[in-house]
Amino acid sequence: MDSVASCYRSTLKRVKGWAKQLKEHTYTLWLVSKHPRLPWTARILAVLILVYILSPIDLIPDFIPILGLLDDIILVPIFIWLLLKITPAEIYEECQNAARQEMQESGSTKLKAPKQYLGAVIVISIWLLLGWWFYSRFSAIWNSTPQSSGSDAATEA
């Protein structure tokens, strides 16, 4: 029984470490996106990654078994890798050190979390526009299904 408890404690400790790293990386990305010397292409990619990470709306919803989490597991690291490739190393290291320092000073519980209401409005607007586009694109197809009318039967009789 002690081995099960120790396995549980070590797994919980590992998961907490991953969560702390994810929080640090997300905060580092936020600092990178705000850095004044960051190239505009990297800035746009950083903002898009942050919007995707922080958005409750995913490409594949999380409630779909396995696939819903796979997009987060696969896409987010690919996006971060791309960002690291186009971000100058000294900028990323500077922002990472600032994030670590602030997390240590705040006790890793309270950070200056970005309140980006504009980002939320943009994400919601994009999803609404996509929904409108799909509706307008496919509503003609859905409405053009052949329907039998009662008048056809009356004319034949």
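The model is predicted, so local features require pLDDT of at least 70 and side-chain atom pairs count only at pLDDT 80 or more, while totals for chains, interfaces and linings use all residues. Residues are numbered from 1 along each chain as its sequence is written, and side-chain values use heavy atoms, with hydrogens and water left out.

**Exercise 1.** State how many helices and strands the protein chain has, and how much of the chain is buried.

*Solution.* Helices (H or I, at least four residues) and strands (E, at least two) are DSSP runs, numbered from the N terminus. On this basis the protein chain holds six helices and zero strands. Next, buried means under 20% relative accessible area, exposed over 50%, and partly exposed in between (1.4 Å probe, protein chains only). Of the 157 residues in the protein chain, 22% are buried.

**Exercise 2.** Describe how helices H1 and H2 meet.

*Solution.* Begin with the axes, which are lines fitted to C-alpha atoms, for helices over the stretch in contact; angles run from 0 to 180 degrees between N-to-C directions. The axes of H1 (residues 2–34) and H2 (residues 40–54) come within 9 Å and cross at roughly 145°. Then list the residues in contact, that is, with heavy atoms within 4.5 Å. On the H1 side these include Trp30 and Ser33, and on the H2 side they include Arg43, Val47 and Leu50.

**Exercise 3.** Determine whether Ser33 and Ile124 are buried, partly exposed or exposed.

*Solution.* Ser33 lies in helix H1. Its relative accessible area is 6%, so Ser33 is buried. Leaving aside residues up to four places away in sequence, Ser33 touches Leu38, Arg43, Ala46, Val47 and Leu50. Ile124, by contrast, belongs to helix H5 (residues 117–143). Ile124 has a relative accessible area of 46% and is therefore partly exposed.

**Exercise 4.** Identify the residues with the most contacts inside the largest nonpolar core.

*Solution.* A nonpolar core is a set of buried Ala, Val, Leu, Ile, Met, Phe, Trp, Tyr and Cys residues joined through side-chain atoms within 4.5 Å. The largest one has 16 residues, and Leu31 and Leu83 have the most contacts inside it. H1, H2 and helix H4 (89–106) each supply at least two residues of this core. Finally, not counting residues up to four places away in sequence, Leu83 touches Leu29, Ala42, Leu45, Ala46 and Ile49.
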